[in-house]
Amino acid sequence: LAACAATEYGTHNDKGEVHSSSSPLEQVLRTQPNLASELNALEIRQVFNRVESPTAAQVTVLESGLMDDSVSAIRTTYQFKFIDEQWNLVDKKAAYKCSRGKNTKTFQTAVCP
């Protein structure tokens, strides 16, 4: 396990307090509260377009070891933009790695047979 330092998002008021909006990662975790159930492996990665004052972010959730005999993994990618002091979800895409069929090596957007 590895951890990163916490980052404050938002703006400072005249008292130095931060008015923060939910980070992209927090938003993803709220929309998928059951990520840890029925999985052998879970990888979540949050990446920003720059270290200071980021304006774009991507969160990738990789779920594998699923209790599904046709799908071996699901990769969901969330794209965020920082607009009007808040992180806004602008795109979400899912891709599937099939356990059987013609393509079992790479992720595809089509649902597995």
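Me: What is the torsion about the S-S bond of C98 and C112, and is the disulfide left-handed or right-handed?

Reply: A disulfide is a covalent bond between the sulfur atoms of two cysteines. The cut-off here is a pair of cysteine sulfur atoms within 2.5 Å. The torsion for C98 and C112 is about -95 degrees, so the disulfide is left-handed. The S to S distance is 2.1 Å. By this rule the count is one disulfide. This is a predicted model, where local features need pLDDT of at least 70, side-chain atom pairs count only at pLDDT 80 or more, and totals for chains, interfaces and linings use all residues. Residues are numbered from 1 along each chain as its sequence is written, and side-chain values use heavy atoms, with hydrogens and water left out.

Me: Where in the chain do C98 and C112 sit?

Reply: Strands are DSSP runs of E, at least two residues, numbered from the N terminus. C98 is in strand β6 (residues 86-98), and C112 is in the segment after β6, 14 residues apart.

Me: Is C98 buried or exposed?

Reply: Buried means under 20% relative accessible area, exposed over 50%, partly exposed in between (1.4 Å probe, protein chains only). C98 has 3% relative accessibility, so C98 counts as buried. C112, at 9%, counts as buried too.

Me: Which residues make up the largest nonpolar core?

Reply: A nonpolar core joins buried Ala, Val, Leu, Ile, Met, Phe, Trp, Tyr and Cys residues through side-chain atoms within 4.5 Å. The largest has eight: V28, L35, A57, V59, V61, Y78, F80 and W87. β4 (56-64) and β5 (71-83) each give two or more residues. β4 gives the most, with three. Another core lies apart, of five residues, including V71, I74, Y96 and C112.

Conventions. Helices (H or I, at least four residues) and strands (E, at least two) are DSSP runs, numbered from the N terminus.
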